[in-house]
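Good morning, and thank you for joining.

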Amino acid sequence: MDNFKKPNLTNSKKKRTLSSKKLAESLKIKKECEKKALDIVIELIDGGLEESELLNKLYSINVCHYEDVVEERFILKQCGYVMCDKKLTDIPNQKYKISLALTKVFDITERKKFCSNTCYKSSKYLQNQLLTTPLWLRDKDIVPTFKLLKYVYNHRYCKI
């Protein structure tokens with residue numbers, strides 16, 4: 001029995017202290033990232049951003065945040081696309097649209113959150129570029145170049 005070594009308790013206490021400090025630091029970074037993302041979501045809901053401002057802010061949000069923006073803008077009866085400032089009018093009550101020409105049934109649940117097909121496609125294009133990694137782990141990621149669809153700039157063609 002004398003051959004057994006007693007574990008070094010001071011080393012394990014130091015390791016636990018270091019790991020708890022790292023955990024606290026990680027939680028702090030996570031909170032800061034989430035707060036920044038929520039501030040950006042509020043800005044996007046309000047709209048009125050320039051293209052460069054929007055593209056710079058996209059790195060700090062993820063797909064869930066963008067979906068929240070679209071949903072909140074829809075609740076406010078605004079087009080779900082953040083670069084469009086049109087109000088939604090004549091929102092259809094039905095969930096499906098039947099195309100006799102194509103003999104297909106389309107689910108329009110998402111589409112009715114936008115003033116036009118152009119805005120819908122532009123929003124989906126933007127959403128598909130967003131990163132899926134957690135916000136607090138992005139400091140090591142390469143910042144991608146986000147782009148908008150070019151034909152959206154002229155909203156004269158947006159129609160309901």
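I will speak about the nonpolar core and then about the salt bridges.

Please bear in mind that this is a predicted model.

The largest nonpolar core has 29 residues, and those touching the most other members are Leu 44, Leu 58, Ile 61, Tyr 66, Cys 79, Tyr 81 and Leu 126. At least two core residues come from each of the helices α1 (9-46), α2 (51-57), α3 (63-75) and α4 (117-129). Helix α1 gives the most, with 5 residues. As for Ile 61, its contacts beyond four places in sequence include Ala 37, Ile 40, Leu 44 and Tyr 66, as well as Leu 130, Leu 135 and Arg 138.

I turn now to the charged pairs. The structure holds 5 salt bridges. In one of them, the side chains of Lys 35 and Asp 39 meet at 3.3 Å, N to O. These two residues are 4 apart in helix α1, so about one helical turn separates them. Lys 35 is exposed, at 52% relative accessibility, whereas Asp 39 is partly exposed, at 35%.

A second pair is formed by Lys 57 and Glu 43, at 3.0 Å, N to O. Because Lys 57 lies in helix α2 and Glu 43 in helix α1, this pair ties together parts that are 14 residues apart in sequence.

Finally, consider Glu 71 and Lys 113, whose closest N and O atoms are 2.5 Å apart in a salt bridge. Glu 71 belongs to helix α3 and Lys 113 to the loop between β2 (104-107) and α4, so the bridge links parts 42 residues apart in sequence. Glu 71 is partly exposed, at 32% relative accessibility, while Lys 113 is buried, at 8%. Through shared partners, salt bridges join Glu 71, Glu 110, Lys 113 and Lys 124 into one network.

Methods:
Residues numbered from 1 in each chain as written. Predicted model: local features only at pLDDT ≥ 70, side-chain atom pairs only at ≥ 80, totals over all residues. Heavy atoms only, no water. Core = buried A, V, L, I, M, F, W, Y, C linked by side-chain atoms within 4.5 Å. Buried < 20%, exposed > 50% of the residue type's maximum accessible area, 1.4 Å probe, protein only. Contact = heavy atoms within 4.5 Å. Salt bridge = Lys/Arg side-chain N within 4 Å of Asp/Glu carboxyl O.
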